[in-house]
Amino acid sequence: MKKDDDSGSNAVLIPLDARYLEHAVCLGTTLLIGSCCRGQISEEERYSYLEILLINLFAVLVEERIADASPVYGQRHAMSSGLAIGSLLLPWVLYTQGGCHTMALSSFGVLLFLGMMLPWVSGRERQQWIPDELIFLCGLVLYAYLSFFYSDSRVYDAIISLLCIACFHGIMQYAPFTFTLGEGVALSSGSVHVVLEMWRILLGDRVAYTSPIALCIVSVVGMSLVLFLSSVLVHQLVQRRRGISLAVHGAACIAVGIVVYHYYHEGVAWFIEHIVYDMNRRKIIIFWIATLSVSLPFMMMLGRRDMPIVLPHTMVRKGFHALALILFIPSLVLDSGLLGMALSIALAAFMALEIIRISHVPYVSRYVHSCMSAFVDSRDGGVFYVTHMTLLLGLALPIWISQPWDDPYARFASLAGIMATGVGDAMASIVGTLYGRTKIAYNCNKTLEGSLAGIVSISFSWIVAYMFILPPGTPHGPMDVAWLMLATIASSFLESIT
């Protein structure tokens, strides 16, 4: 939550560096997940939880040492590298869905790669209680232990880890100052797994997908990631050569179009029949188009700096959070599957616009750049603008994994992204900007007042969602409410210090 405080106050709630609080909240979240699932997990899930716990401890150790080392990669402006939360994000999510072994080993592999680099980048002038070589050796032993004793597909896991390491290095090397280390770990691990799933679909292995919408989501996101990650490499190789860049990106788009036509023509026919020709879904799509047609020009006008009344930049950006609430909440209640597919298409559109922005298309690239640059901040200081994509992913990920979409309990869980990003983040940012006085920690621009506003707004929103989304008379006990409140407080506090 961007609870920016420009008041100049020096009051600090917790006199510690923000990254220490991040480590504490990450470990507390891991323990919270384990406590929620206690007594309801199998032996295999117990091993997966052990993997998450070991990743947490190893990530904290590597992040602490990297914080005092020479820069490994050019990172975007942030309070910390976010290595712990980036390594744990996807294993946390997949663990709650029933399995995270391969994803956990992928994150562990990237951490091991960074640990291997420590002896060359760590500051030798400081007293080190644990040598860098010993950190790498401990990580290697832990990885081998988890891979060889808890896995039946050791070679596959090792190959996936190597692919994630290569993807991580490519992202951080060829898109400098665009991501933090933690974001790079999460992006590389997630991208490799989604692209491999897409490849399985191309080869005809679709047994795991009972819903055609889920099949479409994986395919669209996978294709988009291939294009976007390819554009990262292309931009570095043909930088300042506009004709070559445009030709390469155009050829890539044509190749993707051929693949879509060859492998997904049945899917396109299904999309037209079940989405375009469905009257209820057509009404939702018309509502989205009408809302965007009115709101986007208005948001562009607010973003201009030559207006008679210039709003704070943060408040203008939070207008998109309010727009997301208007667009997503009605459709989430009426048709969660359609919303999940629409979010995947929107993510693909964002990636396509970013590719167009950097590929030097005559006139078009300049126009796209001028429109998008009006809403960026210091975090978008790299080659690519990614904050709008991370906002969309924060909203979409809970919807994508909360299936079946017609189940009211899954629909209730899918609100997590909208609650945290659309409601809590926006409210915390506005209150923190206007009334924030007490900073959470050192080198942290987030305020206590903004954090409390975010927690209160999310809690109230959960109460409203419980009344209108879950069936009447749904049983709930004190522990259910307690776990929900703890999760709300933990997620809000973690966002406040990252």
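User: How do I read burial for a single side chain, and does Arg-357 count as buried or exposed?

Analyst: Burial is read from relative accessible area, with under 20% as the limit for buried. Arg-357 has a relative accessibility of 10%, so this residue counts as buried. Keep in mind that the model is predicted.

User: Where does Arg-357 lie, and which residues are in contact with Arg-357 beyond its neighbours within four places in sequence?

Analyst: Arg-357 belongs to helix α12, residues 336-358. With those sequence neighbours left aside, Arg-357 has contacts to Ser-365, Val-368, His-369, Met-372, Val-383, Phe-384 and Tyr-385. For His-369, there is also a polar contact of 3.0 Å between its side chain and that of Arg-357.

User: What about the charge on Arg-357? With which side chain does Arg-357 meet in a salt bridge?

Analyst: The general idea comes before the case. Side chains of opposite charge can pair when their charged atoms come close. Here the partner of Arg-357 is Glu-354, at 2.6 Å from N to O. The two residues are three apart in helix α12, which means about one helical turn separates them. Glu-354 is buried, as is Arg-357.

User: How many salt bridges does a search of the whole structure find?

Analyst: The search finds three. Another of them joins Arg-200 and Glu-197, whose closest N and O atoms are 2.6 Å apart. Arg-200 and Glu-197 sit three residues apart in helix α7 (residues 181-202), so this pair is also separated by about one helical turn. As for accessibility, Arg-200 is partly exposed at 33%, and Glu-197 is partly exposed at 24%.

User: Which residue forms a salt bridge with Asp-335, and where do the two partners sit?

Analyst: Asp-335 pairs with Arg-281, and their closest N and O atoms are 2.6 Å apart. This pair links distant parts of the chain, 54 residues apart: Asp-335 is in the loop between α11 (313-334) and α12, while Arg-281 is in helix α10 (residues 279-303). Asp-335 counts as buried, with 15% relative accessibility. Arg-281 is buried too, at 16%.

User: Now the nonpolar side. How do I read a core, and which residues touch the most other members of the largest one?

Analyst: Read a core as buried nonpolar residues joined through side-chain atoms within 4.5 Å. The largest one has 97 residues, and those touching the most other members are Tyr-73, Leu-83, Leu-114, Phe-168, Phe-328, Leu-343 and Leu-415. Helix α8 (residues 212-237) gives the most to this core, namely 10 residues.

User: Take Leu-343. Which residues are in contact with it, leaving aside neighbours within four places in sequence?

Analyst: Leu-343 contacts Phe-328, Leu-392, Leu-395, Ala-396, Ile-399 and Trp-400.

User: How do I compare separation in sequence with separation in space, for example for Met-117 and Val-72?

Analyst: Put the two values side by side. Met-117 and Val-72 are 45 residues apart in sequence, and their C-alpha atoms are 8.2 Å apart. Met-117 is part of helix α4 (residues 101-121). Not counting residues up to four places away in sequence, Met-117 touches Val-72 and Tyr-73.

User: Which residues make a nonpolar patch on the surface, and is Phe-468 buried or exposed?

Analyst: Phe-460, Ile-463, Val-464, Met-467 and Phe-468 make a nonpolar surface patch of about 580 Å². Phe-468 is in helix α17, residues 448-468. The relative accessible area of Phe-468 is 65%, so Phe-468 is exposed; the cut-off for exposed is over 50%.

Notes:
Residues are numbered from 1 along each chain as its sequence is written. This is a predicted model: local features need pLDDT of at least 70, side-chain atom pairs count only at pLDDT 80 or more; totals for chains, interfaces and linings use all residues. Side-chain values use heavy atoms; hydrogens and water are left out. Buried means under 20% relative accessible area, exposed over 50%, partly exposed in between (1.4 Å probe, protein chains only). Helices (H or I, at least four residues) and strands (E, at least two) are DSSP runs, numbered from the N terminus. Contact means heavy atoms within 4.5 Å. Patches are made of residues with over 30% relative accessible area and no salt bridge: like charges are joined within 9 Å, nonpolar side chains (Val, Leu, Ile, Met, Phe, Trp, Tyr) within 5 Å. Accessible areas come from the Shrake-Rupley method with a 1.4 Å probe; for residues, only the protein chains shown count as cover. A salt bridge is a side-chain nitrogen of Lys or Arg within 4 Å of a carboxyl oxygen of Asp or Glu. A polar contact is a pair of N or O atoms within 3.5 Å; within protein, one must be able to donate a hydrogen and the other to accept it, and residues adjacent in sequence count only if both atoms are side-chain atoms.
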